[in-house]
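These are my notebook entries on a single chain, set down in the order in which I looked things up.

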Amino acid sequence: MTQALKVVAGALWGATLLAGAGPSASNVHRAAFGVLPDGRAVEALSLRNDHGVTATVITYGAALQGLTLPDRDGRSADVVLGYATLEGYLAKSEYFGGTVGRVANRLAKGRFVLDGKPYQTPQNNHGNALHGGERGFDKVLWEVVDVHGGKVAGIKLRYVSPDGDQGYPGTLTVYAAYSLDSANTLTIEYTATTDRPTIVNISNHAYWNLAGEGSERGAMGHVLAIRADTYTPVDDTLIPTGEFRSVTGTVFDFRQPMAVGVRVRDAHEEQIVFGRGYDHNFVVAHDVSSAPRLQATLQDPVSGRGFELWSNQPGLQFYSGNFLDGTVVGKSQRAYRQGDAIVLEPQLFPDAPNHPEFGSARLVPGNTYRNVIIYRLTTGARANKT
């Protein structure tokens with residue numbers, strides 16, 4: 001252990017914020033998670049309630065590093081993919097649980113025009129920009145600005161992205177707030193303000209395996225429902241074509257619950273071939289709403305674990321873990337392979353700045369960008385017998 005890490009560990013290891021005594025009390029536990037090459041300390045903050053649910057967030061990337069959830073028989077498992085140590089995130093992040101931005105998803109050729117001026121961002125994915133560029137929000141250290149316990153345990157992190165960061169204009173001040181309540185509701189809220197016009201689209205990139213990360217069952221047996229009548233098809237570099245296509249009669253129809261693996265390899269569908277599975281935006285609505293709306297439900301029938309996903313965003317990117325190739329070893333010391341997890345990202349439509357028909361990602365001074373993501377977690381617990 002380095003001297004810097006020893007200092008952090010001495011100050012933080014085992015430190016717990018407790019508040020709100022009683023059956024509905026929740027708390028936050030702070031611990032050292034590692035030290036960056038430049039000597040800055042990374043923390044892990046664990047939000048816990050009295051139903052056995054624990055959500056762990058690390059300050060590197062404001063990432064959801066772990067989520068422990070009991071099954072219907074009370075057996076707990078960590079249900080999001082990630083690394084046990086900071087070194088994994090530094091070596092090959094894979095966006096595990098990360099806060100992705102300044103612009104999540106893809107920008108065609110990394111380019112956009114704002115107020116008549118062209119901008120170029122890093123082309124870090126087959127000639128396109130992905131998740132903010134080479135050093136997006138998932139690869140920076142965030143500052144802890146608030147920690148509280150009580151009926152709702154919560155933390156708030158802040159990152160200030162300077163003007164010109166990854167080619168984007170304007171100084172952007174971003175907050176990521178995580179909270180966990182006694183009803184097993186995990187909420188992530190992103191807000192951002194700018195000092196000059198820019199574009200913003202921030203989301204969370206948690207990889208879900210409700211059987212338990214590293215489980216040999218993977219996530220293809222998970223039953224998914226998405227409240228979308230249309231989706232946005234893509235070209236062979238996964239950039240949307242601009243079309244809104246009906247899901248009716250296609251492998252993209254998840255309006256009724258369907259196991260992910262039933263159609264994920266259907267090569268009759270060109271879109272599946274392009275994505276090596278699902279990697280597409282589903283159109284839940286055409287506007288950002290003032291209140292969250294139900295976007296999707298996900299359940300593992302074997303364990304009973306699941307969640308409802310709510311957000312105020314119009315789009316939901318569904319990615320079926322197609323590019324996990326066995327080269328990453330996760331927290332369970334098992335290799336993550338294709339289909340071992342799925343990702344559900346509430347957001348604006350991908351490449352929106354280059355598609356006026358997709359709505360606007362523009363943020364101006366005086367306005368606040370907001371993406372609220374709510375997971376209403378369920379354990380499938382059986383009712384007590386009398």
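**Entry 1. Pocket lining.** I sorted the lining of the largest pocket by residue class and recorded 6 nonpolar, 9 polar and 6 charged residues. The model I worked from is a predicted one. The lining comprises 21 residues, and those nearest the centre of the pocket are Y95, R106, N125, L130 and H131. For the volume of this largest pocket I noted about 450 Å³.

**Entry 2. The chain as a whole.** I next looked up the secondary structure and found 3 helices and 31 strands. Along the principal axes, the C-alpha atoms fill a box of roughly 55 × 50 × 40 Å. Does the radius of gyration agree or disagree with that of a compact globule? For 386 residues a compact globule would have a value near 21 Å, and the chain has 20 Å, so the two agree.

I then turned to burial and surface. Of the 386 residues, 57% count as buried. The chain exposes about 15400 Å², of which carbon and sulfur atoms supply 51%. Taking contacts between residues at least 6 apart in sequence, I found that 65% join residues at least 24 apart.

**Entry 3. L348.** I located L348 in the loop between β29 (342-347) and β30 (362-363). I listed its contacts, leaving aside neighbours within four places in sequence: V200, N201, V288, Q313, P314, S360 and A361. I also looked up its separation from N281, which lies 67 residues away along the chain, and the C-alpha distance is 9.1 Å.

**Entry 4. Backbone exceptions.** I searched the backbone with one expectation in mind: most residues other than glycine have a negative phi, and most peptide bonds are trans. Which residues does a cis peptide bond join? The bond lies between G101 and R102, with omega about 15°. R102 belongs to the loop between β7 (99-100) and β8 (106-107).

I then recorded two residues with positive phi. L238, which is not a glycine, has a phi of about 70°. Its place is the loop between β20 (230-232) and β21 (245-246). L238 counts as buried because its relative accessible area is 7%.

R276, also not a glycine, has a positive phi of about 55°. I found R276 in the loop between α3 (270-275) and β23 (279-283). Its relative accessibility is 55%, so R276 counts as exposed, the limit for that class being over 50%.

**Entry 5. A31.** With a relative accessible area of 9%, A31 is buried. How far apart in space are A31 and L45? Their C-alpha atoms are 6.5 Å apart, while 14 residues separate them in sequence.

Note on methods:
Residues are numbered from 1 along each chain as its sequence is written. This is a predicted model: local features need pLDDT of at least 70, side-chain atom pairs count only at pLDDT 80 or more; totals for chains, interfaces and linings use all residues. Side-chain values use heavy atoms; hydrogens and water are left out. On a 1 Å grid over the protein atoms alone, a cavity is a set of points where a 1.4 Å probe fits but cannot get out, and a pocket is an open set with protein on both sides within 12 Å along at least five of seven lines; lining residues have an atom within 4 Å of a point. Grid points are joined across faces, edges and corners, and a volume is the space filled by probe spheres set on the points. Ala, Val, Leu, Ile, Met, Phe, Trp, Tyr, Cys and Pro count as nonpolar, Asp, Glu, Lys and Arg as charged, and the others, Gly among them, as polar. Helices (H or I, at least four residues) and strands (E, at least two) are DSSP runs, numbered from the N terminus. The radius of gyration is taken over C-alpha atoms; the globule rule is 2.2 Å times the number of residues to the power 0.38. Buried means under 20% relative accessible area, exposed over 50%, partly exposed in between (1.4 Å probe, protein chains only). Contact means heavy atoms within 4.5 Å. Accessible areas come from the Shrake-Rupley method with a 1.4 Å probe; for residues, only the protein chains shown count as cover.
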